[in-house]
Amino acid sequence: MTDAELMNQLDALPNSLRYGAKQLQVRVNRNTNIVPIGTDSVNSNGSGVVRFRMPSASILNLSTLSISFVSTISGLAVGSGTPTKAYRNALIPAAYKYIRRAQFYLGGVSVAGALLNNYNQAYHAFVKASTNKPYAYAKVGSSYTEYSDLYDQYGSLSSPPPGTSKVAFQVLDDFLLLAKGNGASVNPDMMIDTSIWQDAELELNFDTNAILSIFQEGDSASLDPTTQANLVSWALTNIRLNIDAISSIPSIYGAFMEARSQRPEPIRLIFQNLVSQVSQILQTTRVQLSSTCIDGLMICGLLATQATPSAFIGNVSSAFTINATNNNKFNFVAPITVTNANDTNAYTGFNASIQVGTALYPTTPYNSAYLLADSTYNHFWHNSLMSNSLLYQKELIVSDGTNVEVVEQAYTQPTYITNQFIWVQSFSLEDGWASANKVLSGIDTSATNVDILVQTSMANASYSFLLIGLLSSVLEYDTQARRVRVIQ
């Protein structure tokens, strides 16, 4: 057998029996403490904007992008007496909750995030639908225990605060949008070569104090939840960007890219894109999307008042139980009355489906709200043994008339409807941006706006749907015209 024939037979061997080693000098270095253009501080009035320019003439790994800052929560009250009365506490929120919109630019042109005006709510839905508590514990630097267990480094939400303010150093990482793509299921590194795609920038728009989880001790009959919530505010200072960039790479890369740029075929890069809108729940709720690849639609239930700050209120001298799993802005709830003792409304007279053109998803409407949770689970995990979810998580603030504490309720199905109503309907076998073979198999609207109709039995003027289009978009570099465009 010749050497060539022997090499051709290697595919028959498992990787564990293929011996050898290769050396390739590709080194990275961390760029830290990058100062934003203009202001490096914001507060909770909802008008804060911070913009960063990332290192130029670089190959950037957007998957490593993080934003660090010092957060301050103000307007707390320590209370007095035994047991402590009239105290007001708020948790340092999970870092993603500050961000209303994250927008990526290449060469000064917006390429991702412009149509996602609910970045923090979309991120919360992803976290609840696809992670677990150990994941939150691993992200303590991002304050994820705020959503997983209702505590921060100062204690639980139900406890009196140590002072009238809290200060913490936080890191916001694992960005969505342009930071994910190029076959992420097998290679999480999302590289942007600025010599091809031009200089990269990130603009962050910040939300209001509605993002805060707040507990006010007192009489719920005489204290207004919004008034109490508006006594509390947050502020961020020393906002900085951190990102890895290639510091050393073999010359073959430059030679290859030079040769590739001489070919007439455009260079393409697939990435995750998201668009969102909030609409009142009607019998038929409509959203328009235009994309070369719609992988699915995420639908989250919200109260119509979700943007209004609201505090949890309870008198510690009286026995009470408060469902504090999520605050108003991040509580995904459906207009279906269910309890653990009686949840028949979830599967009696219920129907839900999505229509795209003449196609119906699923082929016959769902007849139970719990099947929507099953659809969400399958989209993210395909029944994998590694699957995780917080769709059934429920955190309570409980008082026996003397002591007050945070208690986790046993996971039950009705909690999906009252706290984590997140429905993801897949249109493709896998998300194109994550596809190992970089295959776009979602719905192609042929560059026109297409109506997607969400048809349910849940019409209710007091509730809204947060509708999030799950897209795979394409960056295209025209090697002839030497310009970049986005194919959404």
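The model is predicted: local features need pLDDT of at least 70, side-chain atom pairs count only at pLDDT 80 or more, and totals for chains, interfaces and linings use all residues. Residues are numbered from 1 along each chain as its sequence is written, and side-chain values use heavy atoms, with hydrogens and water left out. The protein has 9 helices and 27 strands; these are DSSP runs numbered from the N terminus, helices being H or I of at least four residues and strands E of at least two.

**Overall build**

- The radius of gyration of the protein is 25 Å, close to the 23 Å that the globule rule gives for 488 residues, so the protein is as compact as a globular protein of that length. The radius is taken over C-alpha atoms, and the rule is 2.2 Å times the number of residues to the power 0.38.
- Along its principal axes, the C-alpha trace spans about 85 × 55 × 45 Å.
- Of the 488 residues, 51% are buried, where buried means under 20% relative accessible area, exposed over 50% and partly exposed in between (1.4 Å probe, protein chains only).
- Among contacts with a separation of 6 or more, 80% join residues 24 or more positions apart; contact means heavy atoms within 4.5 Å.

**Nonpolar cores**

- A nonpolar core is a set of buried Ala, Val, Leu, Ile, Met, Phe, Trp, Tyr and Cys residues joined through side-chain atoms within 4.5 Å.
- The largest core holds 115 residues, of which Met54, Ile67, Phe104, Phe175, Leu178, Leu202 and Phe206 touch the most other members. Strand 26 gives the most to this core, with 9 residues.
- A second, separate core of 12 residues includes Phe215, Val316, Phe320 and Ile322.
- In soluble globular proteins, nonpolar side chains tend to be buried together.

**Strand 6 and its partners**

- Strand 6 (residues 99-106) is mostly covered, with 7 of its 8 residues buried.
- Strand 6 pairs with strand 12 (residues 200-206) in the antiparallel sense over 7 bridges; two strands pair if DSSP finds at least two bridges between them.
- Strand 6 also runs antiparallel to strand 7 (residues 109-112), joined by 3 bridges.
- Leu106 has Ala200 as its bridge partner in strand 12 and stands opposite Val109 in strand 7.
- Strands 6 and 7 form a hairpin with 2 residues between them, and Gly107 in the turn has a positive phi of about 60°.

**The open sheet 5-13-18**

- Three strands in the order 5-13-18 make an open sheet with mixed pairing.
- Strand 5 (88-90) and strand 18 (312-314) stand at the edges with a single partner strand each, so one side of each is left without a neighbour in the sheet.
- Strand 5 and strand 13 (residues 214-217) pair in the antiparallel sense over 3 bridges, with Ala90 opposite Ile214.

**Helix 8**

- Helix 8 (residues 370-381) has 12 residues and reaches 17 Å from its first C-alpha to its last, close to the 16 Å expected, a span of 1.5 Å times one less than its number of residues.
- Its buried residues are Tyr370, Leu372, Ala373, Ser375, Thr376 and His379. What covers them includes helix 2 (119-130), helix 9 (414-418) and strand 26 (460-478).
- Tyr377 lies in helix 8 and is partly exposed, with a relative accessible area of 25%.
- Leaving aside neighbours within four places in sequence, Tyr377 is in contact with His382, Asn383, Ser384 and Ser387.
- His382, which follows helix 8, has a positive phi near 50°.
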